[in-house]
Amino acid sequence: MNKPYLSRMQGHVLRFFWNFEGMYQSKREFWCIFFVFSFISLQASQPGGLKFHGSEQPINQRTSYNVFGNKTAEFADYYAIEFKLSLYPTTEFGYILRIKNKESNRIYNLFYDGQGDRLTFKFNEEGKNNLIVANLNREKLLNMHWFKMKILFDQKGDSIKLTINDQTYSVGNEKLPETYYPVILFGKSDHIIDVPSFAIRDLSIGNQEKYFFPLNESKGNAVHDASGNTFGEVSNPEWLVNDAYHWRYKTSFKSQSVAGANYNPEKKVLYYYNRDTLYIYDVRSGETTFKIFDQQCPVNLTLGMNFIDAKKNKLYSYETYYAPPKDTYEGPTIASLDLETFQWTAENYEQLPSPLHHHGSYFNSATNQFTLFGGFGKMRYSKDFFTYDISTKTWDTLSGFTGDFLSPRYFSSVGYLKKTNSIYIFGGMGNDSGEQTVGRKYYYDLYKIDLNTKNVTKLWEIPWEQDNMVPVRGMVILDDSCFYTLCYPEHFSESLLKLYRFSLKDGQYDILGDSIPIHSDKITTNANLYYDSTLNNLFAVVQEFDNDISSDLKVYSLAFPPLTVEELATYSKDKTSYAAFVILLSFSLAIGIGYLIYRKKKTGTASPEDTSKQEYVPNAKAEVAMRANAIYLFGEFTVRDRNNKNITYMFSAQLKQIFCLILQYTTTEGGIASQRLSNILWPDKAADKVKNSRGVTINHLRKALSELDGIELVYDKGYFKIEQSDAFYCDYERCMFIISTNDIEKHRDELIEILSRGKFLQLSDHPLYDSLKEELEKKLEPVLLLEMEKSFNAELYPTTIVFAEAISNIDPLNDTALTFQIKAMQRLKMTDEARIRYQTFIIEYKKIMGTDYPHPYKNIIG
């Protein structure tokens with residue numbers, strides 16, 4: 001039996017610190033530092049969890065988790081099964097867990113029914129009778145997202161206790177054995193196939209000595225305990241740690257008239273409204289309902305600005321200004337919508353001096369005041385604070401500020417921290433005079449406005465050497481250590497939103513998660529960031545306007561706390577042994593101790609290594625140099641062996657298919673089950689013939705791959721997967737890595753080299769490849785659009801052509817790529833080539849669309 005993981009770890013850390021105790025000026029200093037380090041290292045919240053696919057999926061795709069697998073656990077006197085549980089509304093009926101005993105035929109199960117007004121959990125002796133029924137408050141548990149579950153088997157007391165959150169239920173006289181050898185199964189098992197949608201994390205099993213399973217894997221079917229040892233196995237898993245890096249698309253809306261959007265964390269819903277209709281999207285269930293107003297919104301919407309008073313359950317729609325010839329507008333400028341009755345009420349008729357495009361704002365429910373800062377209008381940048389009091393229904397201008405100068409600006413991110421009763425303002429664009437004609441500059445600074453003293457303090461300004469960018473107006477600030485906001489280069493038509501975490505102290509930052517595409521041609525286009533503390537989720541809302549009137553709204557979610565790409569990579573690696581983890585932790589602590597002993601101040605980070613600005617110029621007639629031990633999927637499928645010999649001839653059409661299929665599933669799910677592989681490749685064959693065909697094909701693929709170093713096809717616990725080392729190269733995997741790094745410029749030449757080979761799997765049109773192509777293209781296209789525009793603006797025209805061609809390979813009718821490609825060719829005096837490209841495009845357009853392309857050549861080059 002293993003000792004409890006945390007107890008052993010803390011013992012090692014304690015002994016490590018004890019050896020250094022004499023270096024400290026006092027025992028008090030030593031113990032303070034010990035507890036700080038041990039708390040940070042061992043108790044810090046981590047993302048993760050295992051989500052179970054339930055009855056919404058076919059039976060063979062439902063999730064099953066055998067905790068101990070082929071290992072045997074033994075407990076005397078008592079033992080407990082503890083975990084955190086999260087429930088999903090997709091399927092609200094079925095068995096969460098079954099508990100067997102290797103020494104008897106008695107089986108217990110935990111059944112969940114969430115279909116009614118209350119959540120019901122039933123603990124049963126399977127096939128005999130119900131032992132415990134727990135009816136709980138539905139909203140309370142669902143709003144908690146994660147809540148604690150505990151099942152205690154008291155063998156001495158002959159009783160079983162079920163604890164859900166803070167409520168305990170028990171049953172006695174169960175004739176429990178003195179020693180238990182539990183087999184613990186979550187989700188689908190044996191003939192039990194009714195499984196709800198749920199997730200678990202932080203699973204521990206035992207008494208004084210516990211097995212602990214963080215369930216923070218990012219891929220694969222193997223599960224590890226906290227020491228890195230492999231325990232048990234899970235089939236069809238969804239590892240939730242990926243949701244802390246990959247923004248998950250949730251839903252979208254469209255309005256032909258001006259619309260606004262906002263998120264209500266109290267109700268867990270997002271509102272999207274225009275003057276006639278309100279759409280209500282429930283982020284938990286994924287369901288959308290709508291209400292058509294009995295009477296139109298009394299405010300004539302021009303920007304669709306709004307805020308929510310969650311306590312009173314009201315949405316306030318407001319406009320600051322109506323420009324000529326609408327300056328004679330006499331209707332209300334602020335109206336409230338009761339989110340229970342869906343009735344509008346006019347609140348205020350006063351206009352502010354300017355439209356104030358892209359101002360920042362926040363609502364203080366304690367004072368019933370909504371405050372906005374900055375913005376742009378009438379060719380001026382604003383530095384004013386305007387406050388609307390919903391009690392008195394009046395606007396006021398905040399004045400009397402002292403301290404540092406805060407320049408006029410727009411596109412700033414604004415947040416309010418109740419703890420310090422302060423406003424924080426980050427970044428934006430503007431200038432000291434406020435006059436647009438002077439020109440604008442980008443700001444990368446942070447100001448704190450203390451509302452108690454009205455003092456303005458500039459906390460920091462950081463140098464910026466990347467592409468200029470602006471933040472969205474919503475800032476998530478949870479404490480006085482850091483804040484989160486989305487940033488993007490708004491001066492590109494096709495751009496990407498990225499999540500930043502900035503330190504309030506000095507402006508150090510991390511880029512978290514992958515990117516969200518945004519089309520930012522119109523000044524009305526906007527995005528916002530919201531945080532839900534009970535769901536542990538960030539929500540990004542992107543509203544794109546085509547003509548300043550109609551708009552598309554897209555909603556994305558990201559688990560909190562979010563991860564950097566480097567942090568995600570640590571979850572993808574093989575789990576290290578316990579001893580290695582202790583060494584790593586000890587080394588980290590030693591660095592901290594050295595810092596404290598010598599009191600050396602941090603001198604700042606080294607400047608990044610200069611990257612070459614030499615442009616990669618493709619040569620269509622030259623073959624890109626190929627590597628040994630490599631498989632290329634861009635252009636023609638090509639394989640080079642260890643001697644750099646072309647052995648593509650060894651891969652038949654079926655071998656190409658099965659290789660790509662296993663590679664795809666290895667990347668996304670850690671491997672593919674043999675049965676699923678058979679169902680995809682041989683759906684109509686009899687079982688005995690399928691097994692023979694599969695065996696022959698797998699052997700042929702293994703033989704072909706044996707000609708390369710660094711790659712192997714393995715079969716592990718019912719799953720086929722590709723295992724690789726650094727000796728092997730695959731252009732598809734390098735491409736996926738590059739576009740996930742948030743640093744395309746560093747790898748630009750390599751990306752161009754990959755793309756120059758041609759279209760991804762260009763000669764492979766079998767439907768089997770569709771999902772692999774779709775996955776790559778969905779991630780690659782927004783990156784290419786952004787890099788194409790950046791390269792054109794930097795006058796790197798050959799690079800622009802390569803990116804444009806790659807976009808056309810994905811979307812042959814992408815006229816943005818056509819425009820940039822033709823303009824780049826014109827700059828390079830490739831007039832004939834530009835005309836040929838245009839003619840090829842309009843022929844293809846006519847073939848696909850059935851109509852003539854509406855934009856003549858002269859309009860593109862003009």
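**Close-up views of a predicted protein model**

**Figure 1. Contacts around S520.** Leaving aside neighbours within four places in sequence, S520 is in contact (heavy atoms within 4.5 Å) with Y488, E490, F492, S493, S495 and T525. S520 is placed in the loop between strands β43 (509-519) and β44 (526-532); helices (H or I, at least four residues) and strands (E, at least two) are DSSP runs, numbered from the N terminus. With a relative accessible area of 10%, S520 is buried; buried means under 20% relative accessible area, exposed over 50%, and partly exposed in between, with a 1.4 Å probe and protein chains only. E490 lies 30 residues away along the chain, yet the C-alpha atoms of S520 and E490 are separated by 6.2 Å. The side chain of S520 also reaches the backbone oxygen of E490, at 3.3 Å.

The model is predicted: local features need pLDDT of at least 70 and side-chain atom pairs count only at pLDDT 80 or more, while totals for chains, interfaces and linings use all residues. Residues are numbered from 1 along each chain as its sequence is written, and side-chain values use heavy atoms, with hydrogens and water left out.

**Figure 2. T485 in strand β41.** T485 belongs to strand β41 (residues 482-488). Its relative accessibility is 0%, so T485 counts as buried. The side chains of T485 and S413 are joined by a polar contact of 3.2 Å. A polar contact is a pair of N or O atoms within 3.5 Å; within protein, one must be able to donate a hydrogen and the other to accept it, and residues adjacent in sequence count only if both atoms are side-chain atoms. Not counting residues up to four places away in sequence, T485 touches several residues, including F426, P471, V472, Y500 and L529.

**Figure 3. The largest nonpolar core.** A nonpolar core is a set of buried Ala, Val, Leu, Ile, Met, Phe, Trp, Tyr and Cys residues joined through side-chain atoms within 4.5 Å. The largest one has 82 residues, of which I631, F659 and I662 touch the most other members. Helix α11 (residues 770-793) supplies the largest share of this core, 9 residues. A second, separate core of 52 residues includes A73, I81, F123 and F153. Beyond four places in sequence, the residues that I662 touches include I672, L677, F720 and K721.

**Figure 4. Salt bridges.** Side chains of opposite charge can pair when their charged atoms come close. A salt bridge is a side-chain nitrogen of Lys or Arg within 4 Å of a carboxyl oxygen of Asp or Glu, and by this rule the count comes to 35. One of them joins the side chains of E126 and R98, at 2.6 Å from N to O. E126 lies in the loop between β7 (118-125) and β8 (129-137) and R98 in strand β5 (residues 93-101), so this pair ties together parts that are 28 residues apart in sequence. R98 is buried, with a relative accessible area of 1%. K721 forms a salt bridge with D716, with the closest N and O atoms 3.6 Å apart; D716 is partly exposed, at 34% relative accessibility. In the salt bridge between D852 and K846, the closest N and O atoms are 3.4 Å apart. D852 is exposed, with a relative accessible area of 58%, whereas K846 is partly exposed, at 40%. Salt bridges that share partners join R98, K100, E126 and D190 into one network.
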